[in-house]
Amino acid sequence: MDQSDRNDPRNILGGLDDFDESTPLAAQLAEDARRRMELEGKQFPRPPETKILTVANQKGGVGKTTTTVNLAAALAIGGLRVLVIDNDPQGNASTALGIEHQAGTPSTYDVLIEDVPLAEVIQPCPDVENLFCAPATIDLSGAEIELVSMVARENRLRNAIATLLDDDEHGDYDYVFIDCPPSLGLLTVNAFVAAREVLIPIQSEYYALEGLSQLLRNIELIRGHLNPTLHVSTILLTMFDKRTNLSRQVADEVHQHFPTQTLEVSIPRSVRISEAPSYGQTVLTYDPSSTGALAYRAAAQEMADRAAAASSASRPQHERQPVAAHSTEDVNE
């Protein structure tokens with residue numbers, strides 16, 4: 001068997017038949033091999049309209065930016081056109097996507113404060129086709145103060161995104177992710193007002209749910225006063241370690257409280273995921289065969305499939321096409 005045969009996931013999975021999958025290592029190898037087979041060449045279904053999601057959690061260190069860039073990259077690899085708006089002055093999402101964001105670079109600051117069109121600051125990700133980013137620079141750290149005196153200050157990002165999506169030449173995106181700072185300032189409020197959905201990463205550790213009730217209350221305030229369409233659509237468990245009782249208990253509690261929003265796929269604690277940003281990459285380009293990369297691709301597929309299923313369920317029965325009427329291309333998607 002040559003090197004390419006050894007790397008074929010079907011051969012890897014077949015070689016595990018004699019292993020006891022009750023052992024953690026063999027079980028993880030088998031799961032990774034199955035995911036590689038399922039995801040190989042997979043094209044994700046397009047949503048019927050652009051999905052705009054703010055990725056938020058007021059607790060720091062839960063994998064918010066990591067989740068933003070890796071889900072975005074996974075969806076782009078799955079054939080969708082994805083935009084990441086970096087609305088955090090730290091600019092970590094821009095770093096992970098390999099996007100230029102030194103001081104003076106056209107950025108979300110210029111969009112929010114100077115009314116520069118969003119299309120003029122967007123840059124393509126150099127490593128992933130169909131993935132784009134509106135970067136954040138250090139200038140954004142002063143935007144909170146400058147926004148205070150502006151008219152309709154909470155709506156500036158929403159208006160910029162609406163203008164972009166109305167542009168036939170530049171606005172053809174399937175997903176827009178907004179990465180925001182771990183605080184409820186005007187930058188985060190702008191992100192909540194601009195989005196239709198909230199994606200909440202939750203760390204699989206003791207303090208996972210601490211502050212979540214406050215975040216949900218803040219989302220309800222935004223719904224009541226500024227954005228009635230906003231809702232929590234997706235919860236993703238991060239830094240999950242299936243070997244520990246604590247991670248499993250946290251996962252059970254989250255699934256119990258949010259059964260429809262919580263993804264079945266969870267993201268494991270991974271050195272590769274942590275290393276990737278230091279190379280200006282997502283884990284999907286840094287180590288695409290790693291457990292973390294496969295987990296993010298599986299989570300992206302679950303998100304895309306849920307969006308497609310929700311769209312189908314919302315259509316009137318007489319408008320739905322029978323399976324036999326679908327083309328081969330549609331079925332493969």
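Predicted model: local features only at pLDDT ≥ 70, side-chain atom pairs only at ≥ 80, totals over all residues.

Trainee: What's the relative accessible area of Ala152?

Mentor: Ala152 has a relative accessible area of 40%, so this residue counts as partly exposed. The cut-offs are these: buried is under 20% relative accessible area, exposed is over 50%, and partly exposed is in between, with a 1.4 Å probe and protein chains only.

Trainee: What's the phi of Ala152?

Mentor: About 50 degrees, which is positive, although Ala152 is not a glycine. Most residues other than glycine have a negative phi.

Trainee: And what about the phi of Asn130?

Mentor: Near 70 degrees, again a positive value in a residue other than glycine. Asn130 sits in the loop between strand 3 (123–124) and strand 4 (131–134). At 26% relative accessibility, Asn130 is partly exposed.

Trainee: New topic. How many salt bridges are there?

Mentor: Ten. The rule is a side-chain nitrogen of Lys or Arg within 4 Å of a carboxyl oxygen of Asp or Glu.

Trainee: What does Asp174 pair with?

Mentor: Arg46, at 2.6 Å from N to O.

Trainee: Is Asp174 buried or exposed?

Mentor: Buried, at 3% relative accessibility.

Trainee: Which residue forms a salt bridge with Glu197?

Mentor: Lys51, with the closest N and O atoms 2.5 Å apart. This pair also links distant parts of the chain: Glu197 is in strand 6 (residues 197–203), Lys51 is in strand 1, and they are 146 residues apart. Both Glu197 and Lys51 are buried.

Trainee: Where do Glu302 and Arg306 lie?

Mentor: Both are in helix 14 (residues 291–314). They are four residues apart, about one turn of the helix. Glu302 counts as buried at 15% relative accessibility, while Arg306 is partly exposed at 29%.

Trainee: Which residues are joined into one network?

Mentor: Arg46, Asp172 and Asp174, through salt bridges that share partners.

Trainee: Let's do helices. What do you quote for a packed pair?

Mentor: Two packed helices are described by the angle between their axes and the distance between the axes. Axes are lines fitted to C-alpha atoms, for helices over the stretch in contact, and angles run from 0 to 180 degrees between N-to-C directions.

Trainee: How do helix 8 and helix 9 pack?

Mentor: Helix 8 (residues 156–165) and helix 9 (residues 186–194) pack at about 45 degrees, with axes 7 Å apart. They are therefore oblique to each other. The classes are roughly parallel under 35 degrees, roughly antiparallel over 145, roughly perpendicular from 65 to 115, and oblique for the rest.

Trainee: What about helix 9 with helix 10?

Mentor: Helix 10 covers residues 212–225, and this pair packs at an angle of about 60 degrees with axes 10 Å apart. That makes helix 9 oblique to helix 10.

Trainee: One on contacts. How far apart are Ala56 and Ile200?

Mentor: They are 144 residues apart in sequence and 5.4 Å apart in space, C-alpha to C-alpha. Ala56 is in the loop between strand 1 and helix 4 (64–77). Ala56 is buried, at 3% relative accessible area.

Trainee: And how far is Tyr109 from Leu140?

Mentor: Their C-alpha atoms are separated by 5.0 Å, and they are 31 residues apart along the chain. Tyr109 is in helix 6 (residues 108–114). At 12% relative accessible area, Tyr109 is buried too.

Terms used:
Residues numbered from 1 in each chain as written. Heavy atoms only, no water. Helix = DSSP H or I, 4+ residues; strand = E, 2+ residues; numbered from the N terminus.
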